[in-house]
Amino acid sequence: MIRQVPVFFAFAILTAVADLTEYATDVIPTVSAATYWRADWANLLIQAVLKFVLVGEIFAHVFGSYESIARLGQLLIRALGVILVFAAAIAAAYASQNSPHGIISGAWLLDQTTFIVESGLLVFIFVFSLYFHLVWDRRLFGISLGLSISSCVHLASWAILGNLGALDPKRMIFVFLNMATYHAVVLMWFYYLLVPSKVTASPKVPLPENNLDVWNRELERLVRP
Amino acid sequence: MTLAIILVIAAALALVFILGVAASRSLQISSSASLAGQIQPIDVEAFRVLVDPAEDDYLRRRLSAAEFRVVRRERLRAMAAYIRIAGRNAAVLVRMAQGALTVGDADTAEAARRLVDNALLLRRNAAFALLRIYIALAWPNSGLAAVAVLHGYEQLNGSAMLLGRLQNPAAPVRISATL
């Protein structure tokens, strides 16, 4: 599994380590608030990079083996990526700044920006594969589904959180919603990665005795239609 | 606040779409047995006549400009109908061939891989051709090349026949009414 989806495993481990480190900076009394927010920024940047590399890994697994659509897909996802970055930048520019501290409101905007681009790219991958009726590998589908659910819920939450005051008590509801969603997604990943799928036996294919002739004749038709 | 509402709506729509895809995926798996019955045969010769530029030139010479535009639009709509069916057939073949990719037999797996590539190419070409047809419906005098779709469909037909013969020599998959 680690060889099949190395970026996902790196993402899972590094995200857990980064979140634990950030939690430690939050609860250790000697760590200042400014240090906590710097750790939060570092965590956000690491996670953003990992998420985009992970989206690239998902894309490569789903479309990479199909020559006829891989290039078109790459072209479209790059173009969409540029559009989403611009859209996220515009959304950040027009977002309300509810914290007097730039480092705090900046972290919230970075979160929102990341989730806009991430969810847009993931939706594109689903739309593109749906149009071509591609069958996904079960584990990859689980990873993508979990990541998409998490990014959509976080995007909606951060869009609302960005408009609430820094000390608004309603903030906790959305913080808990984000945490609950992420934990549910982690359980989903465990399910898709660890629980084996039902094995359907492939029927034994009966080949004709003279199938080499059939092969040659049909390959001629393929090469020179 | 308006921006936040837009983002929340966009996120909700994306979530609904993704959950819908997840639900349809499980339905697809359960209904994959009846795939061959979903293929609609197409008369490739009739389609070839429709996309033949010489036919258009002939009609352009014989008809007045207004009459030509009417006839051309009708032909374009017929073309679009053919291409939509070809695209749907390609989608069915993608699913059938993907099921055969994991078969232990190397020949069948190779034929399946080739069929998947051809079917995906056809589906891509069908999307582009439909786009061009819809543009041509607005400007009927513009040129139109649906030949790539025709070529792709003929190639796909050969691949499907081959896979069908390898999987079941008695009953090859037939997606063209002229074969």
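Predicted model: local features only at pLDDT ≥ 70, side-chain atom pairs only at ≥ 80, totals over all residues.

Author: What follows describes that core and then the chains around it. Residues are numbered from 1 along each chain as its sequence is written, and chains are lettered from A and ligands numbered from 1 in the order in which they are written.

A nonpolar core is a set of buried Ala, Val, Leu, Ile, Met, Phe, Trp, Tyr and Cys residues joined through C-beta atoms within 7 Å, where buried means that 20 or more other C-beta atoms, placed from the backbone, lie within 10 Å of the residue's own. The largest one here has 70 residues, and the members touching the most others are Leu155(A), Val94(B), Ala97(B) and Ala119(B). Helix α4 of chain B, residues 65–101, supplies the largest share of this core, with 13 residues; helices are DSSP runs of H or I, at least four residues, numbered from the N terminus. Domain 1 (1–30) and domain 2 (34–167) of chain B, with bounds from an automatic or database domain assignment, each contribute at least three residues to this core.

Beyond its neighbours within four places in sequence, Leu155(A) is in contact (C-beta atoms, placed from the backbone, within 7 Å) with Phe115(A), Ile116(A), Ser119(A), Leu7(B) and Ala11(B). Chain B has 6 helices and 0 strands, and buried residues make up 38% of its 179 residues. As for confidence, chain A averages a pLDDT of 82, with 85% of the residues scoring at least 70.

Definitions and conventions. Helix = DSSP H or I, 4+ residues; strand = E, 2+ residues; numbered from the N terminus. Buried ≥ 20, exposed ≤ 12 C-beta atoms within 10 Å, placed from the backbone. Contact = placed C-beta atoms within 7 Å. pLDDT = per-residue confidence, 0-100.
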